[in-house]
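Work through the exercises below with the sequence and the structure side by side.

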Amino acid sequence: MTIVENLSRPVSDVEREYAAALERDAAQLRRIVDLLQRVDVDDPLLLDVAEKLDVLSEHLENPIDTVTETIRNPGWRHDPVSGVENAIAPPIVLEAGPGGTVTAEVEFGLPYQGPNSFVHGGISAMVMDHVLSAATAPQAGVIFTAQLTVRYHRPLPLFVPLTIAARLREREGRKIWATGEIVVDGKVAVSAEGLFIEPRPKAVQ
């Protein structure tokens, strides 16, 4: 299932078809990355897979048609956390609530492993940066991270449903603060606080 929606402007049926294809391609690549973590290193199939991936890579380096830039906007479609067009994204589907709140559920697999059976701490930090910034979006639109403080309370397990929540805490001019956490089995595993800056308005010409 694809979620081709909210593109930057009305698009043609062909462009929409390309966007849906990008989502499907990314989903299959995501699946391949996960499966490669599970294959035995002496499995003879790995040689055949490598050859097929070589062919695919060469084909993508020499495309017959170029996908229009339109369907690659807005940026959320290919960011590394919630981008449905990005094979390294889980992807995390965010749900906006009232008052600058954002929630999501996710289950991390082997591609996100740090210590055995646990999520890499850097992945947790990246996710919190993304989700905290999303909580400020209803107020600020485009923002930049100025400071991110992450606290690790307990290891974050793989293959377990996790709940992520973030909320807008305060705004002072162009400065915006947000807080959030990743929860597993009802307990906070990771908490974070971020300071985000809204760009200065462009000078009127």
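A surface patch, as the word is used here, is made of residues with over 30% relative accessible area and no salt bridge, and nonpolar side chains are joined into one patch when they lie within 5 Å. The model is a predicted one.

**Exercise 1.** State how many helices and strands the protein has, and give their order.

Solution. Counting by type gives three helices and six strands. Reading from the N terminus on, the elements run α-α-β-β-α-β-β-β-β. As for burial, 34% of the 205 residues count as buried.

**Exercise 2.** Find the residues that make the nonpolar surface patch, and decide which element gives the most to this patch.

Solution. The patch covers about 580 Å² and is made by Leu 29, Ile 32, Leu 36, Leu 45, Val 49, Leu 56 and Leu 60. Two elements, helix H1 (13-36) and helix H2, each give two or more residues to the patch. Of these, H2 gives the most, with four residues. Take Leu 56, which has its place in helix H2: its relative accessibility is 38%, and it therefore counts as partly exposed, since that class lies between the limits of 20% and 50%.

**Exercise 3.** Locate the patch of negative charge, and classify Glu 51 as buried, partly exposed or exposed.

Solution. The residues that gather in this patch on the surface are Glu 51, Asp 54, Glu 58 and Glu 61. Glu 51 is placed in helix H2, which spans residues 45-61. Because its relative accessibility is 53%, Glu 51 counts as exposed, the limit for that class being over 50%.

**Exercise 4.** Work out how strand S2 is joined to S1 and to S4.

Solution. Strand S1 (residues 95-97) runs antiparallel to S2, and three bridges join the two; among the residues involved, Ala 96 has Val 102 in S2 as its bridge partner. The hairpin of S1 and S2 has three residues between the strands, and in this hairpin Gly 99 takes a positive phi near 65°. Strand S4 (residues 162-172) also runs antiparallel to S2, and here six bridges join the pair. Within S4, Leu 162 is the residue that stands opposite Val 106.

Technical notes. Residues numbered from 1 in each chain as written. Predicted model: local features only at pLDDT ≥ 70, side-chain atom pairs only at ≥ 80, totals over all residues. Heavy atoms only, no water. Patch = residues over 30% accessible without salt bridge, like charges linked within 9 Å, V, L, I, M, F, W, Y side chains within 5 Å. Areas by Shrake-Rupley, 256 points an atom, 1.4 Å probe, with all protein chains shown as cover. Salt bridge = Lys/Arg side-chain N within 4 Å of Asp/Glu carboxyl O. Lys, Arg positive; Asp, Glu negative; His and termini not counted. Charge placed at Lys NZ, Arg CZ, Asp CG, Glu CD. Buried < 20%, exposed > 50% of the residue type's maximum accessible area, 1.4 Å probe, protein only. Pairing = 2+ DSSP bridges.
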